[in-house]
Amino acid sequence: MHAPFHVGLTGGIGSGKSTVAALLAQLGAAIMDADAIARQLTAPGGLAMPAIAQRFGADFVTAEGALDRDRMRDLAFKDPGAKLNLEAIIHPLVAEETRRQVGAAEQAGYPCLVFDVPLLVESASWRQKVDHVLVVDCLEETQIARVMARNGFKRAAVEAIIAAQSSRLRRLQAADSVIFNEGLTREGLRAEVTALAPRFKLSLVPAN
């Protein structure tokens, strides 16, 4: 069995990274979505919730037993130490679940594993774990407009999220390939992804 090709997928909020991941999945890639895993861990009954409740208190847990994301987001922007404390709880659990998913994907014979990691560029270790870094890029103003429309956030909140992420230049400098998702239709974006498929050991024909 050949070792699967490992792709690190990243991009700023609102860049279209999740759409690109879905298109890669349609071409036969297995997706390891760090954000989705983190949401699972902080949902009602999630493995991270007992430690979060102990560290931050009941005010940061919803009535359903999930992480109060809005309250935590506000705290993290005001207090960088709180953000680090939250990451110290969640990141090891995300890493553990990612390893489990990788093992399952390798056993299933997937030709390509895509690691959808928002903070890939910020991490000291991720670049060494993947064969190729794919960055989904767009203009900052486009990011702001997309997230305001999608999430209902105010402009200042989106700008604060962007400011907390790695800079656009830093992501581009780390990239092996870039998809410039500016003014592209869904089919245009699909064409960009399909053009990269052979490099990632993927079929040009959608798997579903």
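**Exercise 1. How many aromatic pairs does the ring rule give, and how is the pair of Phe-5 and Phe-200 classed?**

Let's start with the count: there are three aromatic pairs in total. The rule pairs rings of Phe, Tyr and Trp (its six-membered ring) if their centres lie within 6.5 Å; planes under 30 degrees apart count as stacked, over 60 as edge-to-face and the rest as tilted. For Phe-5 and Phe-200, the ring centres are 5.8 Å apart and the planes are at 20 degrees, so this pair is stacked.

Phe-5 belongs to strand E1 (residues 5–11), while Phe-200 is in the segment after helix H10 (186–196), so the pair ties together parts that are 195 residues apart in sequence. Helices (H or I, at least four residues) and strands (E, at least two) are DSSP runs, numbered from the N terminus. Both Phe-5 and Phe-200 are buried, where buried means under 20% relative accessible area, exposed over 50% and partly exposed in between (1.4 Å probe, protein chains only).

A word on the model before going on: it is predicted, so local features need pLDDT of at least 70 and side-chain atom pairs count only at pLDDT 80 or more, whereas totals for chains, interfaces and linings use all residues. Residues are numbered from 1 along each chain as its sequence is written, and side-chain values use heavy atoms, with hydrogens and water left out.

**Exercise 2. Describe the surroundings of the Phe-56 ring.**

Begin with its partner: Phe-56 and Phe-60 form a tilted aromatic pair, 5.8 Å centre to centre with 55 degrees between the planes. Then check burial. Phe-56 has a relative accessible area of 13% and is buried; Phe-60, at 12%, is buried too.

Finally, look for a charge. The charged end of Arg-55 sits over the Phe-56 ring, 5.4 Å from its centre. The test asks for NZ of Lys or CZ of Arg within 6 Å of the ring centre and within 35 degrees of the ring normal.

**Exercise 3. Which residues of H10 are buried, and what do they pack against?**

The buried residues in H10 are Gly-188, Leu-189, Val-193 and Leu-196. Seen down the helix axis, the buried residues of H10 fall within an arc of 140 degrees (taken from the directions from the axis to the C-beta atoms), so they line one face of the helix. On the other side of H10, Glu-187 and Ala-195 are exposed.

Now follow the buried residues of H10 to their neighbours: they pack against helix H1 (17–26), strand E4 (132–137) and strand E5 (177–180). Contact here means heavy atoms within 4.5 Å.

**Exercise 4. Is Lys-17 buried or exposed, and what does it touch?**

Locate the residue first: Lys-17 is in helix H1. At 9% relative accessibility, Lys-17 counts as buried. Setting aside neighbours within four places in sequence, Lys-17 is in contact with Leu-9, Thr-10, Gly-11, Asp-116, Pro-118 and Val-136.
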